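Welcome, and please load the model in your viewer.

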Amino acid sequence: MDKISGNYTSKVYNGLIEEIIEGTLKGGDRLCDADIAQKYGVSRTPVREAVLLLEKDGFIETIGRKGVFVKTMSIQSVKDIYFVREILESTAGNLAAQLVREDDLFLLSNILSKMEEIPKAGNYTDYPRLDLEFHRSIVNICGVELLSRLCTQMSLLGASILLKGEDYERSIPLFNKEHRNIYDCLKSHNTECTEKAIREHIQNGKVGVLLQMLNRT
């Protein structure tokens, strides 16, 4: 993922990613420059710049003369994304377990607490954002900028293909349990435990998404 230059381009880029992750924009939806520009209060130039970046990062695609569309992920694409995520994030987890500090643990604990409150409140809107924040925070502990950028891109792509609805909501208690396990491994500075916990978490996420995709075909 390239570094985004320009406040307006960044505003549109981040806004569209958020819409994709939240499910406001779904795979196959057509994107219109004029509509996006009006919605975000910008000219068409930053919209086009953001769209080019989103296409490069794998979130959208141009289909001939039909236009630009939110990308519909194939089963193979999902497998590829989770394969790369597992390698990158487990490596990051190993490093993070060696370097994690008390302030890092405090931040992760706060995110976890918010995630664990969501099933009780019954409002699941914020969960994808908190999930991303949890994973990003672990990767950022490493202090390796390239690894952080690659992990962020893969995490965003992973979040963009999570199928929303009852199946997703029922999975959140399991996600929380796995996140708590990752946190406990980090807190004990156990590199092997952290790496294994992250691998299992990502593998379980992949299986869940693939099952949902198969059930809806």
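Start by selecting Asn 110, which lies in helix 5 (residues 102-121); helices here are DSSP runs of H or I with at least four residues, numbered from the N terminus. Asn 110 is partly exposed, at a relative accessible area of 33% (buried means under 20%, exposed over 50%, and partly exposed in between, with a 1.4 Å probe and protein chains only).

A quick word on what you are looking at: this is a predicted model, where local features need pLDDT of at least 70 and side-chain atom pairs count only at pLDDT 80 or more, while totals for chains, interfaces and linings use all residues. Residues are numbered from 1 along each chain as its sequence is written, and side-chain values use heavy atoms, leaving out hydrogens and water.

Next, go to Arg 149 in helix 7 (residues 145-160). Is Arg 149 buried, exposed or partly exposed? With 35% relative accessibility, Arg 149 counts as partly exposed.

Finally, show helix 1 (residues 7-22) and helix 2 (residues 33-40), which pack at an angle of about 100° with axes 11 Å apart. Helix 1 and helix 2 are therefore roughly perpendicular to each other (angles of 65 to 115 degrees). To see the contact (heavy atoms within 4.5 Å), select Lys 11, Val 12, Gly 15, Leu 16 and Glu 19 of helix 1 with Ile 36, Lys 39 and Tyr 40 of helix 2.

Notes. Axes fitted to C-alpha atoms, helices over the stretch in contact; angles between N-to-C directions. Helix = DSSP H or I, 4+ residues; strand = E, 2+ residues; numbered from the N terminus. Parallel < 35°, antiparallel > 145°, perpendicular 65-115°, else oblique.
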